[in-house]
Amino acid sequence: MFSKILQNYNAKNTKNDILAGIVVSVALIPEVIAFSFVAGVSPIVGLYTAFILGLIAAAFGGKPGMISGAAGSVAVVVVALVQKYGVEYLYLAAILAGIIQLLIGILGFAKFIRLVPMPVVYGFVNGLAIVIAYSQFQFFKGESYIIYILVALTMAIMYFLPKFTKAIPAGLGAIIVITAIVWGFHLHTKTIGDLAHIKGAFPTFHLPDVPLNLETLKIILPYSIVMALVGLIESLLTLEVLEEMSGERGNGNKEAKALGAGNALSGMFGGMAGCAMIGQTIINHTSGGRGRLSGITAAVLIILFVVFFSKYIEKIPLAVLIGIMFMVSIATFEWASLDKLKRIPKEDAFVLIVTTLITIFTDLAVAVISGVIISALVFAWKHAKVYFKTKMEGDKKIYEFEGPLFFGSTRSFLESFDVKNDPKEVVMDFKNVRVMDASGVEAIDKITKRYLEAGKKLTIRHLSNECKKLLEVAGPYCTYEEDDPNYKVAIDPEKLK
């Protein structure tokens with residue numbers, strides 16, 4: 001097992017991964033505590049999730065360097081469940097969500113995330129960057145001007161330190177310097193300990209104390225399905241973002257299986273469900289974390305902080321973590337997309353902007369699903385027409401079509417024909433057409449019936465093998481005669497691979 005984790009691991013990255021893991025672990029704590037409060041559970045529940053899920057996902061996930069834990073997008077899903085039924089039902093729902101994700105990975109369904117268009121990904125990333133920045137402002141309430149100075153100083157350290165040395169991650173350097181300033185000058189400002197105490201013990205095996213019956217399943221199943229899908233979507237999109245940053249391909253199905261196993265174990269050890277955390281993943285990457293050791297280090301340190309070093313971690317000023325998250329927000333935002341808005345098609349620009357706004361005002365899962373649906377509708381609208389031209393070959397009239405024949409384009413296809421005035425023999429040339437769905441087949445069936453009722457002969461030319469199969473099982477009028485004297489029948493190029 002551990003040989004796979006260390007396979008192709010470059011020993012010179014060990015230092016960078018460990019230092020990056022330290023930065024991530026410290027930055028994780030206030031975020032995990034905040035998301036635990038959102039879910040209505042003790043901070044220890046979120047910290048256990050960051051340890052268990054973070055460790056499993058880091059060790060066996062689809063992309064080295066990804067950071068997983070108790071995420072806000074999953075936390076908001078379970079609020080009603082915890083309020084109405086209690087935390088024990090949350091544990092069981094987390095186990096079931098993990099099993100669902102595990103099955104998705106085993107069945108190979110995670111690959112469908114590749115269908116998410118790039119404008120949706122850009123919108124998701126930009127919206128998340130804004131959400132990350134906006135969520136930090138709550139910590140300024142009731143604070144003096146000191147916190148603003150410390151945040152600005154943190155951001156300056158984060159920006160300038162890498163220009164002088166890369167021996168230490170900028171985030172870790174900022175934590176050390178700002179903490180030293182606060183305690184050296186006895187400055188009064190909020191610390192992690194002001195949010196919540198994180199002292200606890202190692203997690204222990206604990207099966208949820210709920211009745212295992214059909215009634216319980218009815219209660220948790222809707223929550224588990226939503227948690228599984230939301231967590232998987234966010235994790236796979238985080239994987240895609242990290243692929244862009246690192247230039248190396250990940251494995252979506254492997255990530256789904258690791259995520260599922262981690263969430264199931266988390267529920268068995270007193271944790272909630274979670275997923276990859278894009279902000280923490282970017283912190284890890286920009287801090288030099290490239291291997292699995294960085295995520296493993298972060299996860300292990302989380303539990304060590306809880307058990308042994310809580311009193312020291314609680315003294316870290318919130319200002320430095322706010323500054324780090326502001327810099328993460330700046331790094332997360334896809335600034336190039338602003339320039340792309342001027343050059344990409346207006347439809348894609350619309351999808352990007354709408355996805356960004358939905359991410360800001362709702363949540364990531366709704367944004368991605370909405371973006372995909374809008375993109376599909378835009379695609380259908382743009383291609384909802386087949387083009388044609390006609391010519392005569394002796395006594396035959398030839399209709400030459402171009403474009404996809406599917407539910408969106410069947411109307412323009414049917415309106416192309418002049419059944420009443422056409423000659424006795426008509427040919428439909430499908431050389432540049434592909435029948436995409438049952439609506440396309442039905443359209444061919446309808447036009448065939450019209451010519452049949454008019455006492456005219458309809459011949460179809462250059463029909464692909466896939467289209468022939470569709471016609472063979474279609475309606476009673478959907479017949480054809482081949483007229484391919486000079487060409488081979490078109491086939492799907494994918495089948496040649």
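**Figure 1. Overview of the predicted model.** Of the 497 residues in the protein, 53% are buried (under 20% relative accessible area with a 1.4 Å probe, protein chains only; over 50% is exposed, and partly exposed lies in between). This is a predicted model, in which local features need pLDDT of at least 70 and side-chain atom pairs count only at pLDDT 80 or more, while totals for chains, interfaces and linings use all residues. Residues are numbered from 1 along each chain as its sequence is written, and side-chain values use heavy atoms, with hydrogens and water left out. The protein has 22 helices and six strands, taken as DSSP runs (H or I, at least four residues, for helices; E, at least two, for strands) and numbered from the N terminus. Its accessible surface comes to about 23800 Å², and 64% of that belongs to carbon and sulfur atoms (Shrake-Rupley method, 1.4 Å probe). Among contacts (heavy atoms within 4.5 Å) between residues at least 6 apart in sequence, 82% join residues at least 24 apart.

**Figure 2. Packing of helix α7 (residues 118-135) against helix α16 (residues 318-332).** The axes of α7 and α16 are 8 Å apart, at an angle of about 165°; axes are lines fitted to C-alpha atoms over the stretch in contact, and angles run from 0 to 180 degrees between N-to-C directions. α7 is therefore roughly antiparallel to α16 (over 145 degrees; under 35 is roughly parallel, 65 to 115 roughly perpendicular and the rest oblique). The crossing of the two helices is left-handed, meaning that the near helix is turned anticlockwise from the far one by less than a right angle. On α7 the contact is made by Val-125, Ala-129, Ile-130, Ile-132 and Ala-133, and on α16 by Met-325, Phe-326, Val-328, Ser-329 and Thr-332. These residues divide into eight nonpolar, two polar and no charged (Ala, Val, Leu, Ile, Met, Phe, Trp, Tyr, Cys and Pro are nonpolar, Asp, Glu, Lys and Arg charged, and the others, Gly among them, polar).

**Figure 3. Packing of α7 against helix α11 (residues 214-246).** Here the angle is about 95° and the axes are 11 Å apart, so α7 and α11 are roughly perpendicular to each other. Val-121, Phe-124 and Val-125 of α7 meet Leu-237, Glu-240 and Val-241 of α11 in this contact. By class, the contact has five nonpolar, no polar and one charged residues.

Figure 4. Phe-361 is exposed, its relative accessible area being 66%. Between Phe-361 and Gly-127 the C-alpha to C-alpha distance is 9.0 Å, although the two are 234 residues apart in sequence.
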